[in-house]
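Here's a quick walk through one model, with an eye on what touches what. Have the sequence and the coordinates open as you read.

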Amino acid sequence: MRKSKFSETQIVSMIKEAESGVPVPEICRKHGIDQSTSYKWRSKYGGMEASDVKRLKELEDENRKLKDMFATHSLKHSMLEEIISKKL
């Protein structure tokens, strides 16, 4: 996945700018982004503060680690079941 050239705090500030009444096309032109990108960001980060974005990032990282742990343990479990069934 491609990394954005904007940080989450910059994205939140752009959304706040749009919520304060500045037209979206003007914000997009000013920052060099597409309008569709602006609307995607608004759907993901709308109504958030910078601290909320940081917490969201931490939760996403934790979720990714837990999914990896589950996949590893699930694979080990299925391998052990296979070994046990062959011994019987």
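## Contacts, core and charges

Leaving aside residues up to four places away in sequence, Tyr-45 touches Glu-8, Ile-11, Val-12, Ile-15, Val-53 and Leu-56; contact here means heavy atoms within 4.5 Å. Before going on, a word on the ground rules: this is a predicted model, so local features need pLDDT of at least 70, side-chain atom pairs count only at pLDDT 80 or more, and totals for chains, interfaces and linings use all residues. Residues are numbered from 1 along each chain as its sequence is written, and side-chain values use heavy atoms, with hydrogens and water left out.

Tyr-45 turns up again in the packing of H1 against H3. These two helices meet at an angle of about 100°, and their axes are 10 Å apart. That makes H1 roughly perpendicular to H3, a label that covers angles of 65 to 115 degrees. The axes are lines fitted to C-alpha atoms over the stretch in contact, and the angles run from 0 to 180 degrees between N-to-C directions. On the H1 side, the contact is made by Glu-8, Ile-11, Val-12, Met-14, Ile-15 and Ala-18. H3 brings Trp-41, Arg-42 and Tyr-45. The helices themselves are DSSP runs (H or I, at least four residues), numbered from the N terminus.

Which residues touch the most other members of the largest nonpolar core? They are Phe-6, Ile-11, Met-14, Ile-33, Trp-41 and Tyr-45, out of 14 residues in that core. H1, helix H2 (24-31) and H3 are the elements giving two or more residues to it, and H1 supplies the largest share, 5 residues. For the record, a nonpolar core is a set of buried Ala, Val, Leu, Ile, Met, Phe, Trp, Tyr and Cys residues joined through side-chain atoms within 4.5 Å. Buried means under 20% relative accessible area, exposed over 50%, and partly exposed in between (1.4 Å probe, protein chains only).

Now for the rings. The count comes to 1 aromatic pair, taking ring centres within 6.5 Å for Phe, Tyr and Trp (its six-membered ring). Phe-6 and Trp-41 form this edge-to-face pair, at 5.7 Å centre to centre and 80° between the planes; planes under 30 degrees apart would count as stacked, over 60 as edge-to-face and the rest as tilted. The pair links distant parts of the chain, with Phe-6 in the segment before helix H1 (8-19) and Trp-41 in helix H3 (residues 35-45), 35 residues apart. Both Phe-6 and Trp-41 are buried.

On to the charges. The whole structure holds 6 salt bridges, each a side-chain nitrogen of Lys or Arg within 4 Å of a carboxyl oxygen of Asp or Glu. Among them are these:

| Salt bridge | Closest N and O atoms |
|---|---|
| Glu-8 and Lys-57 | 3.4 Å |
| Lys-16 and Glu-49 | 3.0 Å |
| Lys-86 and Glu-82 | 3.5 Å |

Glu-8 sits in helix H1 and Lys-57 in helix H4 (residues 50-87), so their bridge ties together parts 49 residues apart in sequence. Glu-8 is partly exposed at 24% relative accessibility, and Lys-57 is partly exposed at 39%.

Lys-16 is in helix H1 and Glu-49 in the loop between H3 and H4, so this pair ties together parts 33 residues apart in sequence. Lys-16 is partly exposed at 32%, as is Glu-49 at 43%.

Lys-86 and Glu-82 both lie in helix H4, 4 residues apart, about one turn of the helix. Lys-86 counts as exposed, at 64% relative accessibility, while Glu-82 is partly exposed at 45%.

Technical notes: Angles under 35 degrees count as roughly parallel, over 145 as roughly antiparallel, 65 to 115 as roughly perpendicular and the rest as oblique.
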